[in-house]
Amino acid sequence: MPPPPATIDITAARDLAGAIQRHMQAALANKSLKHKCFSKLNIQSQEFFEFSDHSVLSNLYWGVENAEAALDSHSYEERESRLDASEKMLQIPASLDGSGATLGIPNAYLLCSSFLYLAAVEFARAHHWRGAAHFLQAVSICPRVVCRELAPGIWRELVPLLVGRGVGEAMDCSVALDEFDDGMIDDAMRWIAGRYKPWLMYYQIMSAADSSRTDAVSTPLSGVQKSCKQRIGVKANDPNRPTTNQESISNDVQEELRVVSCAPTLERRRSIEAQARSNPNTKCLKDILTESQPDTPKSSISDKLDDDTFSESCDEDEEEEYPNHIGTLSWNARTSIGKKRRGSLNIDRTNMECINRSFSTSGLKSTYQYAPHHGVWRRAKSLSSRATQQLEETEQNGVVERIISKLCFTEELGKTEVDYTVEINTIYQALNTKTGLKYSLLKDMILDQLIISISTSKEDMVVRTSLAILSTIITSNTSAVDDIKRKGLHLHDLAAALKRRMHEAAILIYLINPPPAEVRTLELLPCLVEVVCTASTSHRVGPITPPAASLMIIERMVTSFDPETNSTYLAAITPPGVLSALVRAPRRDSLDEVASLAHILAKSMCFDGKCRRYISQISHTTPFAALLSSNQERAASAALEFFNELLKTPRSSAISLLEEMKKQGSSSNLCTLFLLAQNSTPEYRVLAANVLLQLEVFEDTSAKSTYGEEAAEALFEALQREESPQTQALSSFILANLGGTFSWTGEAYTMAWLVRKTGLNLSQHKNLIKTYDFLDQSLQDGGVDSWCSKIAQRILKLGTRVFEALDKGLKSKIRRVARESLVATAWLGLELMKGHDELRHAACEILLHSIEQFVHPGFELEERLVACLCIYNYTSGRGMKRIMSLSEGVRESLRRLSNVTWMAEELLKVADYFQPNKWRISCVHSQILEAGTKCSAAVTALIYYKGYLCSGYADGSIKAWEVKGQTVTLVLERKEHRKAVTCLALYDPGSCLLSGSPDKTIKMWQMQQRNLECIEVIPTKESIRSIDSLGELIFVTTQNHKLKVIDGSRKARDVVKNKNVKCMRVAQGKVYAGCVDSSILEVMISNNRQQEIKGPSKGWMQNKPIRSLSLYKDWLYSASSSVEGAKMKEWRRSSRPQTSVVPEKGSSILAMEVVEDFIYLNCSTSMSSLQIWLRGTQQKVGRLSAGSKITSLLSANDMILCGTEKGVIKGWIPL
């Protein structure tokens, strides 16, 4: 039996397309195709149908309906519109994966239905080659669905046609058609699809090239098109009818199309082939197509395939990959189907040299040339100006046909060792310089085939090669991006390739630059991180590497979304290993790549302060400093963000950064930063001024340099720009911390550094201030003071302009700006204290009134303390008399602060010296906060910890609240105790929180990044009523009225053995115990020496235990049925109180708090209110109602807070 012919001529292809067209026309005419496509969808005829949540089925349904409506339409415009709409809708189900199912319907069925109606659309447009190709695509997906369900009988028309034309001579005709079983039919149809579809695509291109207008098969009007015209009822010569592309062809085109396969065309093609053969190393398209069809061993089909169910047959068909199965099908009587063997396209090195010569000699100068000794393409001369004029000559040498035929069989791209990337790109660029339909179709052909191979091929090398070619085309011609998007390159196909570790897909994704919303849905970040981390195994495609492309995509992902999404992405890239890979990814000579890295590192440092130290260690400033001097605004902006974030480190580390920048060239950096500070946008002008000022101060340039003064002026000018709140806030933050320091987490610690200078030592006061860890090593940095002095001296050269700008900042309505202006005022005041009498006096006159407001209750404790520091520094020397002008309110606030800082007490002494004053105390209180949640149990304990108000509850839970002014926000809630939390206390080692409970446990908590974690559980033998600590020692009172101490080894012992203890206080190395018999014991902790400083009550008062003790300065107050108070020395000397407060007769005092001016009492006769007594005169001046029974009490920062049995926390401050 002779082998089948290797070539499929245009007549055979035309007859195949005609048979398919006739079958489709009949199926569309009687609506049978529509009914069969819808049979599995269970869709009933109805006027309206919509799948709200099932867009695939919805698009299939409406795509079919639009196609049918187009054929029935009597309006030309409506027909064309419906055909376009149908094509767009059908593309959705046509892009499904062949495996699996959609809403219970096999995807193979939906794919076949979609491609059949896409074929109908193309036939209606007279695009017969395309229509036939779509039909064969459906066959290649699942021949069983097409031949038995959707288009039954089509195989009976095609198989005899092939044998009759000689194409199927290998088929033994002794097997009658009626004897074909299902397996033979499937194999025959699959062979037809795989054999014919590339040739149909080829003739589509060549027919369009010959006609320069259309791709019609034979007759001027095909059956489907004629049917459409007859249904529309419009005559071909109607002058009112719109003219289509097909009908704008001149009259001789019809004849040309009709004789495509006749002698003149064949002679022309033979002439071209003869010219190509004149060069033995060049082959034309038809030759390559012939070589790609290998002989296939003959085999028997007597063993018929099992008649599987529909789903099983789909599974089998899905294993067959289009276009992997391009081979000949041969069989004889009653023999089984043999395995197909794929053909290979052998293009050797000689052919590559020929291609290179072809482009060189024809005037098409390739950008790359082949190097025979190395087997690689090397850069050569650019395209010459004659390339456009001599494209036809190149085509005649067979190069264009070679490339297009290669693309028709895309599976062959990955089989040879030759890299076709540069060759195909050169062809595409040459075609791009030509105008006309012919060249547009050739370009479209190249792009179509590359996109198909990316989306359908299962061969990794094919996909890799296609990705590389497409990336190279886009790199050379950015306008190709729009063409690729228009042709439907799906982002999920590129994502799938990337997930298959084809790193070249990252380059294509970057070049296409899809919208961030599309990228968000694909979960690309893990793959991109993998590409970056495996940079050693990646190869460059064109001017960019996969790691660099991944880097720039990551930059878009961490900056383009809402803060929550950006944080999710940043969390994935901040591990040290990923950061190291990111730093290695960009090429140092690529500004875009280094700028992307700078942007990512800056965002990473903002997101996770822990990685700031690591980034400062692995990053070299040289490439980032080069960005500053670039002409690209994006690059310079990224560098400024990076350097500003890197300067948010402890002062010693920031100085090291400045030293490294100095080594790279101080004068050039200073000049560049100066220009940026002058010419950038307002925000980046401030950032440039920050870096410039610090670098200039560090280098200590000559006094003639104006860089530092210009930078300082830029910062203070921005501080006064109220019309630009964002710029004003940025400049105030920079000014606040120029002279201070940061922690390694990037938190500004200048405020904490200043607070330490006010003498804040007590743990209970430090814990009123949030965010600061007073044990942080940045606060131990000895270089902060010297740096503060140097930079303050440079700024003070501006004179009073500095303080005028600061005064405006202090008065800002933006709380953050006012607070940070106060900090800047404070550290500048430290330098003014050393001299500058005239300037300090002028500053005092300008600033004092604005500073006073921060001293009053209602502001944060750290703000009140820093304001006190400012008043102390600015009123020294000649400004001391300015203290006389302080208002009574300011003096009263200073008096209340005197228990916290010695500076307030010193200022009061000066004020009394110049102007003795009889203090008038305001007794009016204002409620400033109320907090609570639904279903809350009674609030049984209150304390401030790490700046958060922590509350213990009767249900065993602990909650942490953030208090900002009058706003209270629940930060976290933990429930570890089995019973009520009766007490809370601070534990200095490790900055921990202690909680006690009747469940006989003490739990130790630690706050880490707004998360409260239990780090230790200490078991006890008795229920805990109250708790306190000193160093590593923990003191508790139990339910049985015992006072015990637990040491560092967690061993407990009794402190007081001969008395029952009701309450206690720990202070100044001593424990004060209030006993059941109304006595008070003072216990020296170091040696356990005990002294009774108040004796027990006698007579009828002996059953009145001391329920509360309070220490204020050097006074001790006790509460039982009355309040008694005296200085410590008086208690020890005479055991008698100096003052006494007696509430209502017969009442007992349940809780007590003492502050500078007031004593607050909660009595048994009025358990839902607080009585206010003046501490100095022991007069009752008011009452505060809590609304329900008070169960806990706390005083902090001049506030009085109480918790109630309904779970509500309320707070007041004196006005």
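The model is predicted. Strand 7 pairs with strand 6 and also with strand 8. Helix 7 is mostly covered, as is strand 7.

**Helices**

- Helix 7 spans residues 143-150, and six of its eight residues are buried.
- Those buried residues are P143, R144, V145, V146, C147 and L150.
- Helix 40 covers residues 783-796, 14 residues in total.
- From first C-alpha to last, helix 40 reaches 20 Å, close to the 20 Å expected at 1.5 Å a residue.
- The buried residues of helix 40 include V784, W787, C788, I791 and I795.
- R794 of helix 40 is also buried.

**Strand 7**

- Strand 7 runs over residues 948-953, and six of its six residues are buried.
- Y948, C950 and G952 point one way from the strand.
- L949, S951 and Y953 point the other way, and they too are buried.

**Pairing with strand 6**

- Strand 6 (residues 939-945) runs antiparallel to strand 7, and six bridges join the two.
- Y945 has Y948 of strand 7 as its bridge partner.
- The two strands form a hairpin with two residues between them.
- In that turn, K946 has a positive phi of about 55 degrees.

**Pairing with strand 8**

- Strand 8 (residues 957-964) pairs with strand 7 over four bridges, again in the antiparallel sense.
- W961 in strand 8 stands opposite L949.

Terms used:
Residues are numbered from 1 along each chain as its sequence is written. This is a predicted model: local features need pLDDT of at least 70, side-chain atom pairs count only at pLDDT 80 or more; totals for chains, interfaces and linings use all residues. Side-chain values use heavy atoms; hydrogens and water are left out. Buried means under 20% relative accessible area, exposed over 50%, partly exposed in between (1.4 Å probe, protein chains only). The expected span of a helix is 1.5 Å times one less than its number of residues. Two strands pair if DSSP finds at least two bridges between them.
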